[in-house]
Structure formats: C-alpha cells, structure tokens
Amino acid sequence: MTIQINGEAVELGGEMTVTQLLTERKVKMPDMVSVELNGEILSRGTFDSTNVKHGDKVEFLYFMGGGSK
Amino acid sequence: MTMHVDTKLLHGGYAPEETTGATALPVFQSTSFAYESAEELEAVFAGRDAGFVYSRINNPTLDRFERRMTVLEDGLASVSCASGMAAISTTVLALAGAGDEILSGNSIFGGTYSLFAHTLARYGITTRFVETTDVDAYRQAINDKTKLIFVETIGNPKLDVPDIAAIAGVAKEHGIVLAVDNTVTTPVLCRPKALGADIVIHSTSKYINGHGNAIGGVIVDCGTFDWRSPRYAHLKSFYERVRHFAFAASLRNRVHRDLGCCFSPFNAFLMSIGMESLAVRMERHCSNARRVAELLVADKRVAQARYPGLRGHADYEIADRQFAGRYGALLTFRLGTKERCFRFINALQRAQNLANLGDAKTLVIHPASTFCRDATEKECRAMGVSDDLVRFSIGIEHVDDILEDIEQALSKMEKGESR
C-alpha cells in the first residue's frame, strides 16, 4: 500500500499502527514526535491503536522541545 | 481509560521513567545534550529529527512537566517558563508586536497590570483595559489591531469573576485568541478550554507547587485556534512547518528561546511533586475559605468581606457555574483604615505576612502597600484595592485554628494592640 509521509509517497508492506510506522521509518526519539493523520493531530496514547491505511496522509512533526499530548 | 482530574494529577502525561523505572520525575540537570555526529545535531536543529539541544530551549525534565500540564488542561502542547509573569510576557510577545493592541480585564493582578500598562506600552503594544465582567465592553474595544484578549478566572485581589464562555464567544466572533490565566482556580476548579479559551496560563508557583518553594509558569496551547488566521500572519511559516503546533513552535523556537526565560529542571521536579496533591489541597483550601468568608461577612468588626462563594457576591452565579461549586481560597475584607489593617496583620500568630498566594499555609497581605503600591488611585479602584483592604490566601490548616487566629487578631486590633 502507499501512504504519504511529510508529502512524499512511501510504499509499505501493509496496514500497521502508528507506533509500528514510527519504528519502520526509523524515527529517532519517537516519544518526542507529534503525528498528524489526515489533518488531525493524534493523541500520543492512541499511537498503538491507530492504523495507517492505503492513501493516508501522515505528517511527522518535530519542533524542539515537545510538551505535547 | 478516561481519568478524573484527581487521577490525571498523579498519572497523566507521566509513567515510570523508561530506563530506570523511577516513579518521581528525574532531574536532567544538564546544560546541553551530546550527539555522536555533526549530521545528527544538524538534523535536530533543522527540525528533521526530534531531540534535546540546550536547556534554555528544551530539556527532558521540562518536557515531562509540560506534558503533565498539557494533559491537565486537555491541551495540544505546553511551554514552561521561569515564572507566571514570564509566561504572560512570552504569550503577548508571540502574538503582538509594535502597533498591535491587546484587550484585558481591568481587575487583573498588579504585576500583570504593570506589564501591560507600562512595560509593553514602551515597546508599542497598547493594552485597552475594560471592565472585567462587562462582556459587551470587550466587543466594543476590539479593532483590527487586537491580537489577544486576556482574562483571569478570578480577579486578584478584586475577586470579580468574568463570564469566560461569553467572552470566548466575543473572541470567536472576531477571530481573536483568548488567553485565560487559571492560576487561582487551577485545573481542579476550572477548565478554561471547555469554556472556549485558546490558551491557558499558570503561575505554577502558586497552587500547582503548593509549598512556596519554587517559581515557575506555563503556557498551554489548547489546540482550538486556527493559526492560519491572517490576523496572525507572522505565524504562517511556523504553520507551514508544524501545522497545529504553530503557536507552540513560535514560542519554543523563537520568542521563548530568544528571551531566555527558561524554567529550571529542579523547579519542574518540585512542581511535579507538588501537583500530585493538588486536588486534595484545593478541596481543603476551598472549604476552609468558604467557612472563613461566611464568618467574616457576619462579623461587625469587618466590612465588605468579598468571596466569590458568598451568595451576596455580584458574580456568585457565574462562579458557581464556572467552578462547579468551589470558589477558590482568596478572600478580602476592609478594616476601616490602613492602621487597623497593619494592627490586624501584625497580631496574626500563624498566618504569614508575605507576597504570595496558593501556599498550603494561610497567607495574608495588605495589597495597597505592597503589590499595588505603584498603582494610581484610579488603577487601584479598578483592581478593587483600597488602603483599608486585607487579602487572605486561606491555607489547608484545620479551619478552627485559622478562625482562632483571625479572631484573636481582630480582638487585639479592636483593643489597639498589635502583637
């Protein structure tokens, strides 16, 4: 399946959770990253239970610091 | 699982630390954070990777404290500051520049009043002060230059209570950010986001700390405002990069970073310990204050006892609705003259005479000679301050002991004794 991450098309083997996607993409310090899925900010507590699907638009958002939900 | 605020204070936004299992917040007392390669540090500075850099900008201890505050206020992101005043200054400077205006209730804390009326005015930011509880006055004072509406949940020391939901309605009509200072009510009594606030500010030195041992502040972005608004065109580049986090990023990566008003990791540790008992403390603060207010309002030696939980208070109904039947722990009353106030304060045996509020201990102060001493007569009137006014921040001692202390001090004051 294909999704968009930060505007770039990325091929994935299949559906996976946001947590798995962060691991798959080798995101450093994933606990510091905020994730937007199809325009909505995901609460950190839902990363394990939210699946990304074909056609989804995902943004990994970094800004120095954190303190985000 | 959903959590009540009492539980969020203990578990929200923090779990035992990953590498050691430490249940108390670890203090990362380190200025900087090292990377193995220049490429890695470049990626963090460029915003391509997450990471800690320098404790003026970010720090793991501060990050955990900020997350706890974000959860408590049901927000999007938080930025901690060196003090509550630093949090207010940073918020204004992130939203307004020379030639812009902000709109504020006129009964706000004297320190904030001074910042708005004097300091920011020197840099071209004009504050229009309106009657705090007059919702229509806010609507009338808005113009194209207005960048922020600022209110406190309870005016200090006037103890008036603005209708936050109604003021939020005005802010939304005009697409203006509403910031609410929730210091004296805390997330236990009031949830400004649920009333329509876009930003919540705390001086965490008060009830969140609760023990008078550290200064701090925090800004919480509720995540409700659309930062693409042309009124805030200066945030456009931040929006393009981090979307909904535009305001938080503009604080972290620009104004807060440049001003250098960073929070101390050790103070964040103290605040994190303090906040865990906040719900229990607030229950006792509020019940004690209500009992003291009920007795003082009936005492003939005292005039005009003010407390938002008294049915005779002009804003009682708003306070009742906004704070779910609890009304904070600040109360004021008049004793006729400054001399009687000083005799009363000097005669108190346990209440401590100092410039603070929200400590576990009962605190007392004479506002006119202390934190309002630079205000003009007109400004004092707007803040509800007169020369014969005393303010109490009621603590969590046994209420009978607080009442006994007040009774003996009133008695000595009447006899002309002071100690």
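Modeller: Ground rules first. Residues are numbered from 1 along each chain as its sequence is written, and chains are lettered from A and ligands numbered from 1 in the order in which they are written. This is a predicted model: local features need pLDDT of at least 70, side-chain atom pairs count only at pLDDT 80 or more, and totals for chains, interfaces and linings use all residues.

Colleague: Why are α15(B) and α17(B) called oblique to each other?

Modeller: Helix α15 (residues 338–347) of chain B and helix α17 (residues 399–415) of chain B pack at about 135 degrees, axes 8 Å apart. Angles under 35 degrees count as roughly parallel, over 145 as roughly antiparallel, 65 to 115 as roughly perpendicular, and the rest as oblique. The pair is therefore oblique.

Colleague: Which residues make the contact of α15(B) with α17(B)?

Modeller: α15(B) brings B:R340, B:R343, B:F344 and B:A347, while α17(B) brings B:A409, B:L410, B:K412 and B:M413. Contact means C-beta atoms, placed from the backbone, within 7 Å.

Colleague: What makes up that contact by class?

Modeller: It has 5 nonpolar, no polar and 3 charged residues. Ala, Val, Leu, Ile, Met, Phe, Trp, Tyr, Cys and Pro count as nonpolar; Asp, Glu, Lys and Arg as charged; the others, Gly among them, as polar.

Colleague: What are the domains of chain B?

Modeller: Domain 1 is 5–274 and domain 2 is 279–415. The bounds come from an automatic or database domain assignment. Their centres, over C-alpha atoms, are 28 Å apart. Each domain gives 31 residues to the contact.

Definitions and conventions
Axes fitted to C-alpha atoms, helices over the stretch in contact; angles between N-to-C directions. Helix = DSSP H or I, 4+ residues; strand = E, 2+ residues; numbered from the N terminus. Contact = placed C-beta atoms within 7 Å.
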